Structures are given as structure tokens and as C-alpha cells.
Amino acid sequence: MNTWATPQRGSGGYDLLLDLAGQRTRAGIEEALRAAVRDGRLAPGTRLPSSRVLAHDLGLARNTVADAYGQLVAEGWLTARQGSGTTVAARPAVPLRRPVPPPQDRPRIAPSDVVPHPSGLPYVLWPGSPDLSSFPRTAWLRAARRALTAAPNEAFGYGDPRGRPELRAALAGYLARVRGVRTDPDHLVICSGYTQAVGLLARALYARGARSAAVEAVGLPDTPTVLRANGLDPVPLPVDADGARVADLGPGVPAVVLTPAHQFPLGVRLSPERRTAVVAWARSTGGIVVEDDYDGEFRYDRQPVAALQALAPDHVVYAGTASKSLAPALRLAWLAVPPHLLDAVVREKRLADHLSAVIDQLTLAEFISSGAYDRHVRRMRVRYRARRDRVVEMLALRAPGVRVSGIAAGLHAVLDLPAQGPPLRTVLGRAQRLGLAVPGLSAFGAAPDHPPALVVGYATPPDHAFSTALSLLCDALAAGA
Ligand SMILES: Cc1ncc(COP(=O)(O)O)c(C=O)c1O
């Protein structure tokens, strides 16, 4: 079983994904940590949560964790120093594999019809944005100051299109620790948001002869649009309660874009059987899986889903973004690219904009390395979980026929409307008149015969507007209003 730290304030508040394989004992923790260090997921120097925090997160006694740490220090896996906590001990570096050279032809560009972001209404429960009023301005400024002070002069020049080495190193450690991603800094490419990342991948795949890619039939509208704009025909893949129906992938489809940890927008996770099946599909056909892990940090139960990429790093491109964890305005995202695709993606990045803005990259590197990113994510996880609980409570009280789903993770919920309540069109019309922006599921590609549902982004309003937005939502949903 994967177990992941749940949110908590205080010192030593780092997240850590541990595979306890059902052994919730001191021996189980020791073995999970040894395995993580052995296979490189926890790099030398990585700081571990304090025994108090990890014990809380795992629901175990503090002594159990402290004893496991003590044993691993004695064995040389970890080091413990007064004042700086427990870290992974140094070990010899692993040689990197060299990427193969890229093919040379160019993708065709088609006109774009990117869906506009809703605006103009005073209350917004549209999914896709974190609470912008919670951007950690002071901590970010502190990190920017430190990063700028420490940056070498060459950082201000045209650098490596993959992005700054400081950020790639910090991310490789973070992604291994928190999402179980198996990569190294050389195989990470920093992009201007997921939107650019998926476009670069489409171009790289086009250059290798791909002309289509499967996408979840209900999903982020920009993904198929960006694929199409970069030469790939998007092929819709149905989604049900177990995630995308990957058995429908034909051998002729060269790639598939998925949101395995928390399907956008339905909120289901790709079932273990389908995770295995899509990896088997990729291995047997040479297909590429693009894993959009857009809100992987925000999981509210004790069983996080590790990144699919860990099952097949040579076939899965992992994509993460700072758009939910920090702010979309940063335009910072990252790809962990299999070695055989790396040069093609780097070439497209260089042609697109040479490299993403460096100063924010350096700041994010410092933000992650100092632990500020973990602290921010943990704080936000507590707040978003409280908001999610409010949504559920309020609806149970004021719109009891509405079924809320997709809420184990992320920043949005799906509301299935009851057959006996007002029809979806009426609810959307009322919301609009009340000044509330909230979409129906059809905004994300659901077929007209799909049961009526709303997608509610509960992270978006600032704290002072949240209660009103929620109340307006209940008004719009109320029967007979
Ligand atoms: C499913 C999904 N993937 C990725 C993203 C992030 O995109 P970007 O990094 O371009 O802001 C979003 C943002 O709404 C999203 O909903």
C-alpha cells in the first residue's frame, strides 16, 4: 500500500510517498525506506519528515518511526544531525544514459480554437484555478532574493533549453519523494505550463511519424485542441468509473494522454488493472503514455496514487505543473521524458522559446529546496480539504438530492443532479443570473446524453467570497426556487 503524509502544520512537514506493502510496522517502514533509497527515488541529501510528522501521517506511534530512522542511520542509509533533521546519506553517483538523436521532419500547424477562460461574473466556482489570494508572496519573495543572490552570471544568458539545473535537480528529488517518479535531472524539461509541454510533445511525436493521439473523451478542452494544432488528430477514449477505457486503445494509436491519479474532470482514478493494461499496451506497441499529473499533490485520503510513470519510465512521459500547487501565472511545468524522446522534445522547446524564464525557475528551485514548497502545499491541502468538506456539508443540507463525487483529491467536485430536481439548463441559467460562474460537465466534452452534472471548482474563490459562492450554488440547485 502506498502511504503518503497527510497535511499538517509544523516543523519537519515534508511529504513522503512510502510503499509499505501492507506492513505498518517498524520493519515495514525500514524496508520501504531502504527500497526508496536503493532504487534512487530518495536521492542523497533528501530531507525526510520528522519522526513526529511521519508517525502522524502513517497513523503509527512516534517511537515506531523514530526506531526505524535510528536503525537506518545505524546501517548508513540515513544521517541524522542535530538541528537539520534526518536526510538520506551520500552514495556513489549512477551513470546517466545518453538519449538517441531525433528524427528531422516538421509538424504541420493548424489554426487554434482554444477555449476562453470564463470571466465577468463576480463569483467563480469554475475548476482549473487554485485560490490565487493564497499565493505565498512573502515566502516567494524570500526565495527569489536568495536565488538571485546565489545565481551565477551565466544564469542570465541563453541556457540549456531543458531549464536550469538547480530546478531540475530540486524537482527530480521532489517528484521521486512525493510522486514516486523515476527520473533524473537530465531527463527533465521545464516548460511554460502543461499547455506548452503537451504541444512540444505533440510536435516531437509528429516528427517521429505520429499523426494521432488518444485523449480522454471527457477532459481539459485545451488538450485535444493543442494536439490538433500541432498535427495530431485527437482520438476520444471513453471514461467510466475506473478511469479511461484503455482497452479501447488500438495498436494504431501512437500515444495516449491520461490523467491517471485524478481524472479531469470526473475525479476518478485509473484502476490498478487499467494502469497495468496501459503499460502493457505501451510496451507491446511502442506507444507513449503522457501522464498529466496536474493536481497530484492534493490528495485527501491516506492512500495516494503514485505516478504511473514509475511503472514504465521508458514509455510514460510524466507531466507536472505549478499551476495548481502555486499559481497558473508562473507558467511553470515539467516533463520527465524517456531517454529515447528527450532530444526531440528538447529540440521543440528550443525552437519554441529557447527556454522558460530563468528567474522564476531559480526561485522555484530555492522554494523547493528550502522546504517552502512542501509547507505551502501542506497548508493549502488543509484549506482545500476543509473547503471540500464544506461543499459536501452544504449540499447535503440544502440540495440533498445532489450526489457529490470525485472528491478524494484535487480542487473540484462533480455534482450529479437528481432526476426530480431542476434540469441542468435551469440550474446553469439561475447560476448565471445570480452572478456565479460554474460549468456543466458538457463544457469538458461530456456527450449530450450524459447524466446532467456540474463541475465545481471549490479552490478558486478567495476565502472571503467562498461562503457566498457556495450559498449561490445551493440557491441555483434548490428545487422549486
Ligand atoms: C487537466 C489539467 N491539466 C493541466 C493543467 C495545467 O495547465 P497549465 O500548466 O498549462 O496551467 C490544468 C489546468 O487547468 C488542467 O485542468
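Student: Where does R331 lie?

Tutor: R331 sits in the loop between β13 (316–321) and β14 (333–336). Helices (H or I, at least four residues) and strands (E, at least two) are DSSP runs, numbered from the N terminus. Residues are numbered from 1 along each chain as its sequence is written. The model is predicted: local features need pLDDT of at least 70, side-chain atom pairs count only at pLDDT 80 or more, and totals for chains, interfaces and linings use all residues.

Student: Why is R331 called partly exposed?

Tutor: Count the other C-beta atoms, placed from the backbone, within 10 Å of a residue's own: 20 or more is buried, 12 or fewer is exposed, and in between is partly exposed. R331 has 18 C-beta neighbours inside 10 Å, so R331 counts as partly exposed. Its phi is positive, about 50 degrees, although R331 is not a glycine.

Student: What makes H354 exposed?

Tutor: H354 has 11 C-beta neighbours inside 10 Å, so H354 counts as exposed. H354 lies in the loop between α9 (339–353) and α10. Its phi is also positive, near 65 degrees, in a residue other than glycine.

Student: Why is P44 classed as partly exposed?

Tutor: P44 has 15 other C-beta atoms within 10 Å, so P44 is partly exposed. It is placed in the loop between α1 and α2. The C-alpha atoms of P44 and L434 are separated by 54 Å, and the two residues are 390 apart along the chain.

Student: How do you know that the span of α3 is close to the expected one?

Tutor: The expected span is 1.5 Å times one less than the number of residues. α3 (residues 62–75) has 14 residues and reaches 20 Å from its first C-alpha to its last, close to the 20 Å expected.

Student: Which residues of α3 are buried?

Tutor: V65, A68, Y69 and L72 are buried in α3. They cover an arc of only 100 degrees around the axis (taken from the directions from the axis to the C-beta atoms), so they lie on the same side of α3. An α-helix has 3.6 residues a turn, so residues three or four places apart point the same way. The face of α3 turned away from the buried side carries the exposed residues N63 and A74.

Student: What do the buried residues of α3 pack against?

Tutor: They pack against α1 (26–38), α2 (51–58), β3 (78–81) and β4 (85–88). Contact here has C-beta atoms, placed from the backbone, within 7 Å. After α3 comes G76, with a positive phi near 90 degrees.

Student: How many bridges join β3 to β4?

Tutor: There are 4 bridges between β3 and β4, which run antiparallel. Strands pair if DSSP finds at least two bridges between them, so β3 and β4 qualify. A80 stands opposite T86 in β4. The hairpin has 3 residues between the strands, and G83 takes a positive phi near 90 degrees.

Student: What makes both faces of β11 covered?

Tutor: In β11 (residues 255–258), A255 and V257 on one side and V256 and L258 on the other are all buried. β7 (residues 212–216) runs parallel to β11, with 2 bridges. V256 is the bridge partner of A214. β12 (residues 288–292) also pairs with β11 in the parallel sense, over 4 bridges. There, A255 stands opposite I288.

Student: Which peptide bond is cis?

Tutor: The bond joining F264 and P265 is cis, with omega about 5 degrees. P265 lies in the loop between β11 and α8 (272–285).

Student: What makes α10 mostly covered?

Tutor: In α10, 11 of the 12 residues are buried. Among them are V358, D360, E366 and S369. They pack against α4 (137–150), α5 (165–179), β6 (188–191) and α11 (372–398). G371 follows α10, again with a positive phi, near 90 degrees.

Student: How many residues surround the ligand?

Tutor: The shell has 13 residues; the closest are G193, Y194, Y294, T321 and S323.

Conventions
Two residues are in contact if their C-beta atoms, placed from the backbone, lie within 7 Å. A residue is near a molecule or strand if its C-beta atom, placed from the backbone, lies within 6 Å of it.
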